[in-house]
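Let's walk through this model together, starting where the chains meet and ending inside one of them. Have the viewer open as you read.

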Amino acid sequence: MTRVKPKSSSMRSYRCASLALLFVISSTTVTSQSSPPQRIISLIPAVTEILFAIGAGSQVIGVSNYDVYPPAATQLPRVGGLVDPAVETILSLQPDLVIAYETQFTLLKQLTNAGINVSSYTHGTLDHILAGIRSLGVQTGHAIRAEQVARQIESDLQGIRARVAGRNRPRTLFVFAKEPLSIRNLFANGGKGFHNEMLEIAGSKNVFADTPRPSVQASTETILARAPEVIIEVRAGNTLKPTDIRRELAVWNLLPSLPAVQAGRVYFLQGTDLVVPGPRIAMATERLARALHPDAFKQ
Amino acid sequence: MILNHNTKASQGASTEAQPPIRWRLTVTWLSFGSLMILTLLIAPLIGPTSITLSSVIDRSLPFVENVDAQIFFIARLPRALTGALVGASLAAAGVVFQALLRNPLATPYTLGISAGSSLGAMLVITFGAPVLASVIPALPLASFLGSLMAAGVVYALATLRHRDLSTMVLLLAGVTINSFFSSVIMFVQYLNDFTQTFQTVRWLMGNLDVSGYQPILAALPFTLIAFIGFAWLPKSLNLLSLGVDSAASRGVDVLRTQRLAFLTASLATAAAVSLSGPIGFIGIVIPHLVRLLVGADHRIVMPASACLGASFLVACDVVARTVMSPLELPVGIITALIGGPFFLWILVRRQ
C-alpha cells in the first residue's frame, strides 16, 4: 500500500509509538464511528506529501495544480490551487474528505454544504508540520505510521542539531526569490516561520531573525548593512543548469564587501523539498547544514 | 521645502503680466532645477542605515572593505539617480501624451506601453531568460522590447488607414492594446508558480533599487534621445493644443509633430519602465500640478515637470526605504499616498 519508502526507524520507537497511539486510535474510531476516508483530495502540496509519507497515498484521488512530489501524486487528477480551486472537478471526483488551506473559506463552505467532509490545514512552524502529520495520520487511519514519520523527523532534526553543535554560527542571508541575474526585488527569510527554524537547527544565525515576519524584501543597502557571512539562495524548481547557477552566483560580486562574497560562501540550492513544509523538511534542513558546515559532515 | 520652491515659481510666473519667455524659463530652471539638484544631493545621505560622509570618502580604506562607501555608492546613489531619471521621464512623457491626445487624463501608460513592458518582464520571470541574456540582464531588456512592441502596434494601427496620425484611433487602439496585454499578463501569471507570482506582483509595484550603475547606463541613451526630442516639441505642442487645423494654419507640420511626440514619449516611458517597473501616478499628477503652478505654456511646463517629477520620485523613494526599515515599501505606494492628497489640496486651494 505504501508508495513512499519509509525512513528506517528502530523497533523500540515503533513499539513506543504503537503503545502511545493505541489510545488515540481507539478513541478516534469510537468517536468518529466511521471507517477512514478512502477518497481524499488534497489541495496543499505539503499535505499530499504527508499523506503519501504516512501510507495514505492510495487513498488520495486528487491533488492541487502545484503538486510535484512524490511522483505517484503527479499522476492523479488536478483540482486547482489556493486561489482557483476547481469546485466542479472536486465534486465530480466524489471525495469523502477534502483537505484545503485555512483561508479557502468559500471552498470549505461550498463543500460542507454539498455534504462532503472537509478539513482545513495551515502552514506555520516545524511543530505545526509535526502536529499536522500526526493529525492527518489519525484522520486517515494511519496514526501509527504517522507517529513513526513524525518521530523520524524529530530525531533527524536532533541529529543535525548535534552535528553542528558547538560550531561557529555564521550570519546567514536566506534568499527565496529575486529577479533573474540581478539582486533586485530580493526576498529573504524573516524571523518567523519554518525556514527560520531550519536555519537555526542547521547551525546559522538568520540576518533577519529580528524581523517578525516570514519574509523581508531586502534592499541592496540592507544586505550591505547586515553583512551576511553565508548566502543561501533556494529555488523551488530544478530548472537551472550548472552554467545558469554559476551566473546567478556571480551576480553577488556586485556587493564585494559582503563577507559571504569575500569568502566565496554563496550557495545555490534547488528543489521543492526546500520550500514545501512537509515530511522532507529534515532532509532539506540537512542540505542547509551541509552547506553551512561542510566539515561537520566529512566522515 | 518642496512647497517653498513651487510657490516661488508660481509667483514668478503669474504676478508679472506676461513676462518674456526667457525670464520665465530662467525662473523655472532656477527654482525647479535647484529643487531637483537639492533633492539629489540630500537623498543619498538618508537611509535605514546610519553612515557617515567622512567614512564614505575615506580613501585610506579600500573600497572592498568600506561598507559605508559601498552603501553610498552601490545602494543609495544609483537609487537616487534612477529615481531622477524615471521621475523626469514619466512626468515629461505625461506632458507630451496629454498634449498629443488632447486629453487631460492621458498618462504615459494610457497607450499600452507599460502593459507591453510588463508582459516582457512577466515572460522572463515565468519562463526564464533565453541564452542571449547573458550579456544584458534579461528582465529590463525584455520589458524594453515589450514596450517598444506595444508602441509599434498602436502606432501601426493609428496610421494604417489614415495618411495622418489619427489621435482618436491612437487613443482607442492604445486603450484596447492595454487591456489586451493585461489579459495576456494575467494568463502568464496564471501559469506561474507561487514564488513567481510573488515576484511578478512585486515587479508591477515598481522598484528603484538597481544596485549599480549598469542598468542606468543601459537606459540612459534612450532617455537622452527622448529628451532631445522633447526639447523640440513645446512650441508645436502649444499650437497643437489649440486644435489640429488651427495648428496647421499657423505653420505647424502636424503629422511630424505628432510622430515626434508619440515616438519620444514612448521611448522615454519604455526606458523608464524597463528600469524601475511601472511606477504610477507621476505621469498624470506632476504635469497637472505644474500647470496649476506655472500655467499651460509647454515651454515652461515641460522642463518644470521633468525637474519636479525627478525630485518627487527621489523624495518618495527616501520615504519608501526608511519608513518601515529594514522592510522596504514599494515606491509606487508612496507616490500615490503622498502625491494624491497633496495634489487634491493644491487643486482645491487653487479654485
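Buried area here is the accessible area, taken with a 1.4 Å probe, that two parts lose on being put together, summed over both. On the chain A side, A:Arg184, A:Gln217 and A:Glu221 supply 24% of the area that chain A buries against chain B, more than any other three residues.

Before going on, some ground rules: this is a predicted model, in which local features need pLDDT of at least 70 and side-chain atom pairs count only at pLDDT 80 or more, while totals for chains, interfaces and linings use all residues. Residues are numbered from 1 along each chain as its sequence is written, chains are lettered from A and ligands numbered from 1 in the order in which they are written, and side-chain values use heavy atoms, leaving out hydrogens and water.

Now for who touches whom. If contact means heavy atoms within 4.5 Å, then 32 residues of chain A meet 35 residues of chain B. The count of salt bridges (a side-chain nitrogen of Lys or Arg within 4 Å of a carboxyl oxygen of Asp or Glu) between the two chains is 1. B:Arg76 pairs with A:Glu221 in a salt bridge, their closest N and O atoms sitting 2.5 Å apart.

Which parts of chain A each supply at least two residues to the side that touches chain B? They are strand E5 (171–177), strand E8 (215–218) and helix H9 (220–226); helices (H or I, at least four residues) and strands (E, at least two) are DSSP runs, numbered from the N terminus. H9(A) gives the most to that side, with 6 residues.

Over in chain B, the secondary structure comes to 15 helices and 0 strands. Its radius of gyration, taken over C-alpha atoms, is 21 Å, close to the 20 Å that the globule rule (2.2 Å times the number of residues to the power 0.38) gives for 351 residues, so chain B is as compact as a globular protein of that length. Of those 351 residues, 55% count as buried, where buried means under 20% relative accessible area, exposed over 50% and partly exposed in between (1.4 Å probe, protein chains only).

B:His288 is buried, with a relative accessible area of 18%. Leaving aside neighbours within four places in sequence, B:His288 is in contact with B:Gln98, B:Pro104 and B:Phe343.
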